Amino acid sequence: MNVTLAVLAADTELPEPVASGWQLIAAALVGIALIVVLITVAKLHPFLALIFGALAVGVVAGVNIGDVLDSFGDGFGTTAAGVGILIALGAMFAKLLADSGGADEIVDTIVGRASPRALPWAMALVGAIIGLPMFFEIGVVLLMPVIYLVAKRSGLSLITIGIPALAGLSAMHGLVPPHPGPLTAIDLLDADLGITLALGVAVAIPTVIVAGPLFGKLAGRWVVIDIPDRFEADDIGGSGGGGAQTAQVEGGVATQTATRIRPKFGITLFSVLLPVGLMMGKALADIFIDDESNVLRQAFDILGRPLMALLIAVIVGIFTLGRGAAMTRAQITKCIESSLPPVAGIILIVAAGGGFKQVLVDTGIGTQLAEWAKGANVSVILLAWVLAVLIRLATGSATVATITASSLMLGLVEGMSTGEVSLVVLAVGAGSLFFSHVNDAGFWLIKEFFGMTVGQTIKSWSIMETVLSVTGLVLVLILGLLI
């Protein structure tokens, strides 16, 4: 999952295959199998397993080891420079949200107004709203402290609470403009933005319901995990002037207990939605303001970039959340410093996942799979989905799958109606979400944040993505009968 539209445009052309199709398939399968065995059987750290998996792909595909290392380094660096920085900034904001009591305020409001049965539905809505303009990785980092706390307070499974939020995030990533993936596909296929947006929402809502609250309830039964304490709030009350003191009587002896001052719900919600609003503003400005010299568009072009939006959110959060909770300067500094060590390993694993993906991309397996699918005699909508699925499975990138499949469909949408072209865009988007696995940086992000094993991640996250993709396809095909 890339970070800028410039990067998306650069990924539209996949390299030519370096070997025969079946040799490339074998290389990918060997690499993936080796990663799974090293992690699950040998108990090797995923960072090292991904490196060995990339080397295995290169050896089986007949690629020079030096070239494999170069590809891995390029993918690692690109992912670390993009996603890694965003994860670090997001972790800082998430720790501020937790330590200030802002996450507790959100959770108390949600839990107080929703029954346990309604909580997964509320989390799906929150995930969809946050995920509309925001890249998936950022949304995950921002939502994780809330997911943890809602699960703890409600007593529901972490999976039952988390899967609906992830479904909302992922559906927006693949189906609804102005997210960069669908927006780029619309531009490539010359689809109508308004019609695609309307149809995208129509497809996304039932898709999120099926893959989110409904599937999450089922997944919560077969994946049982403890709730990580990664974003546990530090005890900031009382000692630094950041909280009031209340008396409790224990065994006849009065003791003093710190009561944390929380930022108000309104200001907390503003702080959380600030980066969302900035990125949404940039997307809308790019769509509706054609004049690139327009001052408003230029302002949002800077402020709405993910890195800048999150940087602003952290700075604003220091005042609205940190100072809003009466935290001292020393407490705020400690809070921000303590946010980074827990995510350092996640950044390395996610970046290594990006390196493994790049090795697969550079072998040309995505190009080979696309050519095979294009030669099949199927409907245009189904072909668009199959192309995106194959490229997604091969490269691990939803955006690469979206853009490459859209490019391959250019000659096939000529003569189709406006609505039919929009459905092709949505079919591509649905296919790009299919079965996230070990070559997807997002897979490792979810695994580490939820504290799951590879098997548990596949049984929850990967299957949820598959349910989302297949449900989206079914709904698009149904709409195709009506349009």
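**Helix packing and selected residues in a predicted model**

The axes of helix α19 (residues 418–431) and helix α21 (residues 454–482) come within 8 Å and cross at roughly 165°. Axes are lines fitted to C-alpha atoms, for helices over the stretch in contact, and angles run from 0 to 180 degrees between N-to-C directions. Helices (H or I, at least four residues) and strands (E, at least two) are DSSP runs, numbered from the N terminus. The structure is a predicted model, in which local features need pLDDT of at least 70 and side-chain atom pairs count only at pLDDT 80 or more, whereas totals for chains, interfaces and linings use all residues. Residues are numbered from 1 along each chain as its sequence is written, and side-chain values use heavy atoms, with hydrogens and water left out.

α19 and α21 are therefore roughly antiparallel to each other; angles over 145 degrees are classed in this way, those under 35 as roughly parallel, those from 65 to 115 as roughly perpendicular, and the rest as oblique. Their crossing is left-handed, a term used if the near helix is turned anticlockwise from the far one by less than a right angle, with right-handed used if clockwise. On the α19 side, the contact (heavy atoms within 4.5 Å) involves Leu 423, Leu 426, Ala 427, Ala 430 and Gly 431. These residues meet Ser 469, Gly 472, Leu 473, Val 476, Leu 479 and Gly 480 in α21. By class, the contact of α19 with α21 contains 7 nonpolar, 4 polar and no charged residues. Here Ala, Val, Leu, Ile, Met, Phe, Trp, Tyr, Cys and Pro count as nonpolar, Asp, Glu, Lys and Arg as charged, and the others, Gly among them, as polar.

Leu 482 also belongs to α21. Leu 482 and Gly 419 are separated by 63 residues in sequence and by 10.0 Å in space, C-alpha to C-alpha. Leu 482 counts as exposed because its relative accessibility is 68%; exposed means over 50% relative accessible area, buried under 20%, and partly exposed in between (1.4 Å probe, protein chains only).

From α5, the contact is made by Ala 103, Asp 104, Ile 106, Val 107, Asp 108 and Val 111, and from α7 by Val 146, Leu 149, Val 150 and Arg 153. The residues of this contact divide into 7 nonpolar, no polar and 3 charged.

Ser 71 lies in helix α4 (residues 65–99) and counts as buried, with 11% relative accessibility. Apart from neighbours within four places in sequence, Ser 71 is in contact with Gly 355, Gln 358, Val 359 and Asp 362.

Positive phi values in residues other than glycine occur at Asp 190, near 55°, and at Phe 435, near 35°. Asp 190 is located in the loop between α9 (180–189) and α10 (193–222) and is exposed at 69% relative accessibility. Phe 435 is located in the loop between α19 and α20 (441–450) and is partly exposed at 25%.

Over the whole chain, there are 21 helices and 2 strands. Of the 483 residues, 55% count as buried. Among contacts between residues at least 6 apart in sequence, 79% join residues at least 24 apart. The chain exposes about 18600 Å², with carbon and sulfur atoms supplying 65% of that area, as given by the Shrake-Rupley method with a 1.4 Å probe; for residues, only the protein chains shown count as cover.
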